[in-house]
4 protein chains.
Amino acid sequence: MSTPIRVTVWGENVHEQHEPEVAARYPDGMHGAIAQGVTQHLGDRVTVRTATLQDPEHGLTEEVLRETDVLTWWGHAAHADVADDVVDRVHRHVLAGMGLIVLHSGHWSKIFTKLMGTSCTLRWRSAHDRELVWTVDPTHPIARGVPHPMIIEEDEMYGEFFDIPAPDELVFISSFSGGEVFRSGCTFKRGHGKVFYFRPGDQDYPTYHHDGVRKVIANAVEWAVTVRPERAEPTLLRYETEDFYHGHGYGGPL
Amino acid sequence: MSTPIRVTVWGENVHEQHEPEVAARYPDGMHGAIAQGVTQHLGDRVTVRTATLQDPEHGLTEEVLRETDVLTWWGHAAHADVADDVVDRVHRHVLAGMGLIVLHSGHWSKIFTKLMGTSCTLRWRSAHDRELVWTVDPTHPIARGVPHPMIIEEDEMYGEFFDIPAPDELVFISSFSGGEVFRSGCTFKRGHGKVFYFRPGDQDYPTYHHDGVRKVIANAVEWAVTVRPERAEPTLLRYETEDFYHGHGYGGPL
Amino acid sequence: MSTPIRVTVWGENVHEQHEPEVAARYPDGMHGAIAQGVTQHLGDRVTVRTATLQDPEHGLTEEVLRETDVLTWWGHAAHADVADDVVDRVHRHVLAGMGLIVLHSGHWSKIFTKLMGTSCTLRWRSAHDRELVWTVDPTHPIARGVPHPMIIEEDEMYGEFFDIPAPDELVFISSFSGGEVFRSGCTFKRGHGKVFYFRPGDQDYPTYHHDGVRKVIANAVEWAVTVRPERAEPTLLRYETEDFYHGHGYGGPL
Amino acid sequence: MSTPIRVTVWGENVHEQHEPEVAARYPDGMHGAIAQGVTQHLGDRVTVRTATLQDPEHGLTEEVLRETDVLTWWGHAAHADVADDVVDRVHRHVLAGMGLIVLHSGHWSKIFTKLMGTSCTLRWRSAHDRELVWTVDPTHPIARGVPHPMIIEEDEMYGEFFDIPAPDELVFISSFSGGEVFRSGCTFKRGHGKVFYFRPGDQDYPTYHHDGVRKVIANAVEWAVTVRPERAEPTLLRYETEDFYHGHGYGGPL
């Protein structure tokens, strides 16, 4: 584990450019608010930078990813504009050990659906529902210090069925004023990387100024750091009998 | 559930064309042997057809998939030759409810890696290891009537780490003469579809003539049929408060 | 699998004796209503009998259990009055392959806490909350034909944290008018037996007359039948090298 | 989390008293060897004490448990001699947040079977099998720095079917010279406590002098510390509508 944890907060940064009320709500961008929340809770245990869709290569060059322990992802209006080769690069880094935290509408991002293998669809409504976030795994490090329930006075509603693989760990379940429920905090391991999906957060609500939401994201950053000493993708290798430690590269099937 | 279950056995059918010893081992193709095994065990509870890479659209047209309850997949030498649009079509049908059984070297197929979201790599050796297949979920329907352990006198070795998501259910673990172990029977749900990965089976060994292996595949066919009445992909819809049953189509983010 | 499935519906039958309004709500006892629901949905695919706390050995003799494929359990006021040796007997039969469906306040029964190993505590309130039961595993046989959501106009509230082991499969999540959530449909395998916990149902509400609730219980009955041909507890045995099928009885540690 | 972690290593200490060859192999007792391994790897991050069956209350008084963050458990010949009230006390502390690491033949201890709810039986043989311990969850903290595979030159064999609930996380799978496999590293959460079962280690082999085995146990000690600030059992409480944080004690069912 590198110390401090190197965090890259990725933001789509489209609503902020086109909708004045979003810009007013998040004057430093949604990515700015998320980055502030991580720093607020983890202090000098992290170094945080931001990157956005509009940056060259969306700010996610090979070099940036190599120097990123944990990447957070928020996108919504422009999922389709994220370049496929950047998605492939992020995917490769996750399998090699980079942590990934996918936030709210990032459920429909290319990187999340690629990692899940499913449609990641759900039901939704933006009608100022109150959200209650209940902890169902009280010894999980991501739930440490989080109120039970955590109350978010208003937010967009996401409801089941959420088309994801059954998570490795279900940490939070949300309910909404309207009665819907959602598996709102889910962990997944993929390759050598750890992935956390966290539901709250929408451009139309001040969710990323909510201290509990920020606490969860900060906890997730610490949890998502891989324990492996170096970044390396799982690889297909041939091993001779009794030589358990020296694999040979694959020479092709025929 | 349709009765009988409509099974399509897909075979890459490349080794059989290029390697006389494989053709001698599997005179009806590997897909032919697999199809025979399913019919042998399920009789008139199934109708089985085969399709291969060489068929137009690899034999997996929209019409064929619509009429397929469960698809089995064996590929190895020509994963890259499977057309992406066919893979997308199969993926869509799995999410909509088609069962999928991925066999042996199909672990590296486009459809399996797309459903898993990982590299699906592993360690391997082809050295006539004896494989023992142990049941670790003795009430699972796929294990019904399967010897504990099931002995396969010789087969290719696959060893851990197998880079897949933690399976929903781990049904079988294999050991090999050389000492390696492998999670050799794994279930996954994706969307409305059920997926089973089963390890045994290689072109260089007569594995698909093994009665126990055939029994497992037949059990998996019955297990993989979805319980949902019609094939439908999970869909993102908007729901008004208190109207739980009538979703609206998505109109875009902005 | 025996055909028809032999179901024993166990009811504590205490509230019905002491509270006239419960007796009026459930004139055949709560166990009577549950039994009727199973028969209503499964017809001649089941034979159903009932047993109660007041019967000799609570109606759960060795002979009755031996002839029971699936046992359903409702208790509340008199958990402590269930004899320990009967609990041990039921436990032994579950490990040997008998299915068990634990209903509502049965969460705190001796048999359920013994099978779970935890306190099985939760938060609750009896205040006529509306319950919505959402399916989060849409291909699970227990969810077949169940509305999404299933609406129960009023019922007792149970909320998280529910102190159970993480279930093997999470089938249903409930929300309540008050905003609480609950993992209300959970499967567990223990030994050779299958266990389903289902939340709805309280003596103070007509829950077991609700058709959807009855449908779930009937589905669970079919699901809980073990696939193993004979009832047998897992046993500790010694096996000589290469003799995989003939275990020897344990002779003691010293 | 207390710093340093307070570890109590519990040993049955019976074989060491009755079998000279065991005493020679483990001159400080098996518990002594385990304690040394923990200290060797964690140094001043832990304080380690030992307790044995022969101590008053088996060395596990309320006071000792209250001051124990993580308890390790090895027993074999005298499971039945462990007093039920001590088992209940340990169980209560686990549910309230104490970590528990169960080693090898501890699978059949009263505390482990009570926490699992199953028979915890398995197949076994003591015939100097070589054990290979393979990591199947490479980002799990318990696997950090552990060779893949870890080779134990000789040990007792444990084989499947191991009658435990499906573990929350499967970290290690072992194979043996004879071909058997075993889920040898399994995590479980119970209440507010974390439980790890680790297979290697027998009185007839020098397993607890093996550096890799010691490394795993040390990793598990760090993993098993609960993240909750105070020890408290999950409790059943009544909550009024909209009062999410102030539960009332249970007043009985009638």
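Contact here means heavy atoms within 4.5 Å. By that rule, the interface of chain C and chain A takes 19 residues from chain C and 19 residues from chain A.

The model is predicted: local features need pLDDT of at least 70, side-chain atom pairs count only at pLDDT 80 or more, and totals for chains, interfaces and linings use all residues. Residues are numbered from 1 along each chain as its sequence is written, chains are lettered from A in the order in which they are written, and side-chain values use heavy atoms, with hydrogens and water left out.

**Stop 1: chain C against chain A**

Select chains C and A. About 1,500 Å² is buried between them, with carbon and sulfur atoms giving 70%; buried area is the accessible area (1.4 Å probe) that two parts lose on being put together, summed over both. Now pick C:Trp134, C:Phe161 and C:Val181, which supply 31% of the area that chain C buries against chain A, more than any other three residues.

The count of salt bridges between chain C and chain A is 0, a salt bridge being a side-chain nitrogen of Lys or Arg within 4 Å of a carboxyl oxygen of Asp or Glu. There are 8 residue pairs in polar contact, both residues at pLDDT 80 or more. A polar contact is a pair of N or O atoms within 3.5 Å; within protein, one must be able to donate a hydrogen and the other to accept it, and residues adjacent in sequence count only if both atoms are side-chain atoms.

Strands S5 (123-135), S7 (169-176) and S8 (181-190) of chain C each give two or more residues to the side that touches chain A. S5(C) has the largest share, 5 residues.

**Stop 2: chain A against chain B**

Switch to chains A and B. Here the contact takes 45 residues from chain A and 44 residues from chain B. The two chains bury about 3,700 Å² between them, 61% of it on carbon and sulfur atoms. On chain A, select A:Arg123, A:Trp124 and A:Leu236, which lose the most area to chain B, together 17% of what that side buries.

Next show S10(A) with strand S5 (residues 123-135) of chain B: 2 bridges join them, and they run parallel. Strands pair if DSSP finds at least two bridges between them. A:Arg238 has B:Trp124 as its bridge partner in S5(B).

**Stop 3: the axis**

A rotation of 180° with 0.0 Å of shift along its axis superposes chain A on chain B, at RMSD 0.0 Å. This is the relation of a two-fold axis. Copies are superposed by least squares on the C-alpha atoms of residues with pLDDT of at least 70 in both. Centre on A:Gly117, whose C-alpha, at 2.7 Å, comes closest to the rotation axis among the residues of chain A.

**Stop 4: backbone details**

In chain B, go to the loop between strand S6 (150-159) and strand S7 (169-176), where B:Phe161 lies. The peptide bond from B:Glu160 to B:Phe161 is cis, with omega near 15°.

In chain C, the peptide bond from C:His148 to C:Pro149 is cis, with omega near 0°. Finish at C:Cys120, in the loop between helix H6 (110-116) and S5 of chain C; C:Cys120 has a positive phi of about 55° although it is not a glycine.

Note on methods: Helix = DSSP H or I, 4+ residues; strand = E, 2+ residues; numbered from the N terminus.
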